[in-house]
Amino acid sequence: MENKKFTVTDDLLASKSQRFLNFIIDVLIVYVIEITIGTTIIIIGDLTHSYAALNWVKSLSPIESFFFGLIILFFYYGLTEMYFSRTFAKYFTETLVVKHDGSKPNMKSIIIRTISRLIPLEPFSFLNAARGWHDALSVTYVVKKQEFIAKKKLLSLE
C-alpha cells in the first residue's frame, strides 16, 4: 500500500474575499480591544482617583496610540493563531491557518506570520498573489476549513 502524504493544494486556499473579510473583521476587533483597554484604564483611574494612568491614556499622541494598537495586534494575532490556528474573523469565514502538510503551525511560524503583518502595505499583498506575504514568509496557508477537513479525511481513508 502506498503511503500518501497530505499537501495543501490551491483548491483549498481561502478566497480573496474571505481573506479581505478576515482583515476587516480582525482590524475592527483589534480597534475595539484598544478602545476597551483605554476606556477601562480611564474608568479605573477615575474610580480610584489615580489620575496618572488616566492622564497617560488621555495624552497619548496619534503615534503612541498607533504603536499601542500594534502591540495589541501582535498579541491578538499571535495568541489566537498559536492556540486556535485561527483568529475570530477566521471562525466567521470558516478558514484556518495550516502548514503545507496540513499540520498546525508551530510557534516560530506564528511569530514570523505575526511580525510579517507589520510590513507596510502587507495587508494588500494577497490581492496580487494566491498567498500574502505573512503566509509566504511563515510558510503557512489559510484554507477553507470544511474542504480542508474533507480532503484530509478522504486521503486518510485511501
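Tutor: The structure holds 5 salt bridges, each a side-chain nitrogen of Lys or Arg within 4 Å of a carboxyl oxygen of Asp or Glu. This is a predicted model: local features need pLDDT of at least 70, side-chain atom pairs count only at pLDDT 80 or more, and totals for chains, interfaces and linings use all residues. Residues are numbered from 1 along each chain as its sequence is written, and side-chain values use heavy atoms, with hydrogens and water left out.

The network links R19, E81, K90, R113, R117 and D135.

Take R19 and D135. Their side chains form a salt bridge, N to O, at 2.8 Å. R19 sits in helix α1 (residues 16-47) and D135 in helix α6 (residues 133-138), so this pair ties together parts 116 residues apart in sequence. Helices here are DSSP runs (H or I, at least four residues), numbered from the N terminus. Both R19 and D135 are buried, meaning under 20% relative accessible area (1.4 Å probe, protein chains only).

Now E81. The side chain of E81 meets that of R113 in a salt bridge of 2.8 Å, N to O. R113 belongs to helix α5 (residues 107-116) and E81 to helix α3 (residues 62-84), 32 residues apart. R113 is buried, at 0% relative accessible area. E81 is buried too, with 0% relative accessibility.

E81 also forms a salt bridge with R117, at 3.2 Å, N to O. Here helix α3 is linked to the loop between α5 and α6, which holds R117, 36 residues away. R117 is buried, with a relative accessible area of 12%.

Terms used: Helix = DSSP H or I, 4+ residues; strand = E, 2+ residues; numbered from the N terminus. Buried < 20%, exposed > 50% of the residue type's maximum accessible area, 1.4 Å probe, protein only.
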